[in-house]
Structure formats: C-alpha cells, structure tokens
Amino acid sequence: MERTELDEFVNKVRERSDLVSVVSRYVPLTKKSGSYWGRCPFHNEKTPSFSVNPDKGFFYCFGCHAGGNVFKFLSLIENLTYFEAIKLQAERLGIPLPSRKKSSEEIRREREKRELLKINELTRDFYLDELAKTPEGESGRKYLAGRGITDATIEEFKIGFAPDTWNKLTDFLLNRGFSPDDLTKTGVAVKRKDGSGILDRFRGRVMIPIADIFGHVVGFGGRILKAEDEYNPKYLNSPETPVFNKRQILFGLDKAHLSISSSGFAIVVEGYMDAISLVGAGIRNVVATLGTAFTPDHAKLIMRYARKIVFCYDSDEAGQRATVRALPIVKNAGAEVSVVQVPDGKDPDEFVRKHGRDAFVKLLKNAVPLVEYRMNYVLSHMKISTLAEKISALREILPTVVGVEDATLKAGYRKQLSSALMLDESTISREWDAFLRGNSVKSGVYPDSSKIPPKKSDNVARKKLPVGLSSTGVAEEIILRMAWHEPDVLGYVMSLVPKEVFSGVHAEIVKYLEKCIEEEKRPDAIDAGAELTDEANAELSRILIGGSEEPRDTELAAFEDSMKVLRIEWLQIRYNLVTQEADKIFREDYDAYAKKIAESLKIKEEMNKLRFETAKKINL
C-alpha cells in the first residue's frame, strides 16, 4: 500500500467520522455550551466530567485525563491499536481498505484462521443439534435442567452436547471436506496413539462454545457427565490454537460488554458455568476466566468497557488464593477493584441457584474494597503472635494499602492496621514510610519520613488562572492553544523562548507544531493522534477543550501575559548560567568576567521589568 493511498484512506475515514456520533455509541451525551458531556467510560464516576468538542475534534476527561481524537477514543474503548481503530471505523462506515499485496505467509495465515473458525462454527452447530435432537443428548438436557439452565439460556450461549462416541464429530467434519490436520489444529480432534487416524477430543460432555469479542467461536469448554478421573477431568477446554489463547480470552465478554459499559463494572468469576448461571438469573455484566490465572490481557479487555472490576471467585481456599493473585494485576492496570465474598463456602452458581438474583445483587452491594480484602486475607492466614510476625503481616498488606490516595482513608487504614495487629501507630507509620522509600526496615532503624519527596503528577488538571496570574504550566497551555489555532504565532514564541523551556509533553507538542509549519500544513486532531504519544495526545485534548470561549481581546491579553511568564523563566535560566560562568573565570580573566557580569545585569534588568509589569497588572 503506497503512503499516499494510505493517507487518502485515513482522510476519507476522518472526513466521514462524526466524533459525537462515535462516542454516543458508548456514552450518553448531553449538550452544554457548545460541548457534549457525559460520564467517562474509562473510569467510574457519578458526576459527568467527560467532554466532547466536535468543533475542535477532541474528547477529554477532566477526571482520569484520557483524551484525543475520534480514533484515539475508539482505540481506548475497544482496546485496539491506533490504526486498528481507523480500520474499525472504516468498516462501520463501509469504506473499503486500500488494497495491498499480501505476502504468501500472510495469505496462508488468514486462510488457516478462516478454516479453523469455520470448523469451530460447524462443531458448535453439531453439538447444539446433538443436545436438542438426539436420544444421546437426553443426559445433557437433564444435567442442564438440574442446574436451572433454561432453554432460553441454552439458546443464548449455544450450549450443546458431545456424544460419548469416538468419531461421530470427526466423521461429520471429514465428510464436509476438512482434513484430519485441520481438525487437530482446531483442537476438536486428537490423533490416535497408534497413529491410525483421529478421534473426537470431547466425549460425553455438555459443551460450551467460547467466543472472542467479535462473537467468533474460537474454542470449547466441556463439562463431563460421568465421574471424572485422571484421564477425564471434570472440565476440559480446547488446547491453544492459532485462534484460541485462553490467557487473552474472557468467556462471555462478547455478550456482556454492553452491560459492563452501562453498569460501569464487570463481575469476574472463575468458570463458565458460574457466568452462565448468573446471566440466566438476569445478571449480565459477568465474564469468566478459562481455567487459567487472571492476566494483564484480561484486565485490558475488561477496561475497554469499565474501570471497575468485581471479583467473585469461589469462596474456598483455592478461590481465595486465585483472588489474591489476581488483585495486584488489576490494580496495576489502573482499575478500581473490589471482591464479593460468597458465604457458606459456595461458588456463585450454587449461591444464585439457591438464593436467587436479589440475594446476589445484595452481595454485590456489599463487595469489599481491595485494601480491606487484602487486610482480611492476610490477617486470617498469617500468625500475628510475636512482634516479628506482626511486622511480617504488615509488610504483606502495605503494597496494597499505600497506593490509596484519599488522606482520610489512609488515616483510617493506619488506625485499622494498628488495632488489628496491636501495633502503635508510630510503628505503622515508620513501616509505611520505609515501604514508600523502597527500604526494608532493619534493627528498628527507620528513614526520616520528613525527607520523603511529595508525590508528583505530570497530568494533573490545573485550574485556569486569571490573566496575569499564570503559573509556568498554565502559561505554556495558553501559548500552545494560541499556536494550535494560529500556527504562525509559533515563530514569535520561539524567537523569545527556546522550546527547551516547555516542560515534558508540552515540548513534544511544540515539536509537532514546528513540524506542521515545516511541512506547510495546519495542525489537525487526526494527524496529532498519529504523531504524538498517548500522554501528549491527552494533554493536547485537555488544553484545547479546556480553552474558554473568551472574547478575542481577552484571549490575546492572556497570551501576552503568558509569554512574559515564559520569558521570565528563560531569562532566569540564562541569568543563572551566566553568573555561574562568571564565577568560574573570576580569578583567571577579569575582562571576560566583566563582560559576563554586564551580560547578567542586562538579563536581570529585563527580568525585573517584566516582573514589575506583571505585578502591576495583578494589583490593578
């Protein structure tokens, strides 16, 4: 695919993409003062802080600081790469992708994937017919009825039955032209030990198709109906295949993602029967792992649709251990995490069948926050008789609790830990501070907590200050906003301050604007989305959406004041450098020293003049 052809394709998709329409597929929006507002789909919030500005072509959340253009929104909410988001939007708009000659390997892989998915689809239909229409399926029908699974739920999940025969499915598929190698690659068949052919992998099991987010059947899970043994486990999943990786698949997500988005949270259970039972009871925002530990990929999948994740694993010891292993993974992904504790040692399936939907909803409302669950788990599983044991338990809890940002909650947890472990609060505080410093506490010697540097954030939403009161950061924002709308102004800015004065992602945005000028093109939301990092994109979105609709004269005054702020910043840097250079040559070269001093005085004179003008304006 030629570059010009690709650019034309992207431009065509961009021109036909309406930001408000795209976002509205996922977020209910209300128009206010030229922008649209809604509750952010990337974190849980009650008060809308998510803004969409169609004129500027950006969205921005003032709560979690996510921001960007229409393709960035799609990439975040669908967990896609930037170009995958463009392709998704093109498909929705009916715009064909530019043709590109594919390699023979790419053609082979695509053909193989289509073949495997077709086999899985036919296998699903075969199992469904076996359950519904054959005498052998009666045992499956009885089992499902005994689990309270209705015909409607069977139809929704396309639950089927694998007959207890050696080759009924393989014969069915071979007669449709598929090769033995195709069937073994898919995982629905296995080779005979003597090498004489293939046989059905799943036999005498209730069969649950496993789909990817697009609804393609990528694998199966089977629940045995006779007694399990070492050769016939209770649950059996498809093996890893070119289309099935259980570490990247969550059962039920293809059906649950809309409910997850609308409810603001996902319920994660351990097995597909738990998920099916909950959906059958009317609780639809539920997904299940597939016999594997919860992974970062699982967290990313869920966080396309909601930032809040509620774990509801079995309440036995194995389920609790699995929960403990999963919690840091989800927390590190930035999710809000809580845990439902099912009483009486039951799993979610048993509980909802016995007590019903309302009782389970009540459990959800009483879900324990991550920190409290971790504290309770450690305190119930570790000895805390001696001082050493208490300190050991505290150190197990601290990695979870120190991440809490709310000061009131932090204070409460310190008191709670002090009471539960019977340690004085000063000991808790010292261990807490030591953990923050990355130091282990030995022999009662603790680092000085007063020297712990304050936590910094590069992307904190700042209030717009009145004209004349701009901080350096806000001054940079005002200048960048002006330069975006009027690129010619950037030359004037660079003549007074170098781009090195701009901090962090602001410097990256300046570099992008300079590139636009060099290429004689206007800055553009879509182009910026492709050129800038995620952090710079979000910051640019915040700056542009945060710009007020002020009169032109007010906007220009703010720009002029901001230039003075940055000019003072640059002059101060130069002044410090020149005086340092003067100090170095004081005894070696008096004439050169005198010139440096004269230069420094000239810089200081300009600084003082600008500061006087700024101070005078503040006092008016």
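Helices (H or I, at least four residues) and strands (E, at least two) are DSSP runs, numbered from the N terminus.

I noted the conditions. Residues are numbered from 1 along each chain as its sequence is written, and side-chain values use heavy atoms, with hydrogens and water left out. Because the model is predicted, local features need pLDDT of at least 70 and side-chain atom pairs count only at pLDDT 80 or more, while totals for chains, interfaces and linings use all residues.

**Entry 1: the helix pair**

I read that two packed helices are described by the angle between their axes and the distance between the axes. I then looked up which residues meet, contact being heavy atoms within 4.5 Å. On the α11 side I found M273, D274, S277 and L278, and on the α14 side P348, D349 and V352. By class, this contact of α11 with α14 has four nonpolar, one polar and two charged residues. Ala, Val, Leu, Ile, Met, Phe, Trp, Tyr, Cys and Pro count as nonpolar, Asp, Glu, Lys and Arg as charged, and the others, Gly among them, as polar.

**Entry 2: strand β12**

I checked burial next (buried is under 20% relative accessible area, exposed over 50%, partly exposed in between, with a 1.4 Å probe and protein chains only). In strand β12 (residues 265–269), five of the five residues are buried, so the strand is largely enclosed by the rest of the structure. In a regular strand the side chains alternate between the two faces of the sheet. In β12 I saw F265, I267 and V269 point one way and A266 and V268 the other way.

I looked for partners; two strands pair if DSSP finds at least two bridges between them. β12 pairs in the parallel sense with strand β14 (residues 308–311) over four bridges, and I267 stands opposite V310 there. With strand β13 (residues 286–288), β12 also pairs in the parallel sense, over three bridges; V287 is the bridge partner of V268. I wrote down the open sheet of five strands in the order β13-β12-β14-β15-β16, with mixed pairing. Its edge strands are β13 and β16 (368–369), each pairing on one side only.

**Entry 3: single residues**

H65 has a positive phi near 70° and is not a glycine. I placed H65 in the loop between β4 (58–61) and β5 (67–68); it is buried, at 18% relative accessible area.

M422, also not a glycine, has a positive phi of about 55°. M422 lies in the loop between α18 (407–421) and α19 (425–436) and is exposed, at 60%.

K72 is in helix α3 (residues 70–77) and counts as buried at 8% relative accessibility. Leaving out residues up to four places away in sequence, I found that K72 touches F59, G67, Y82 and D534.
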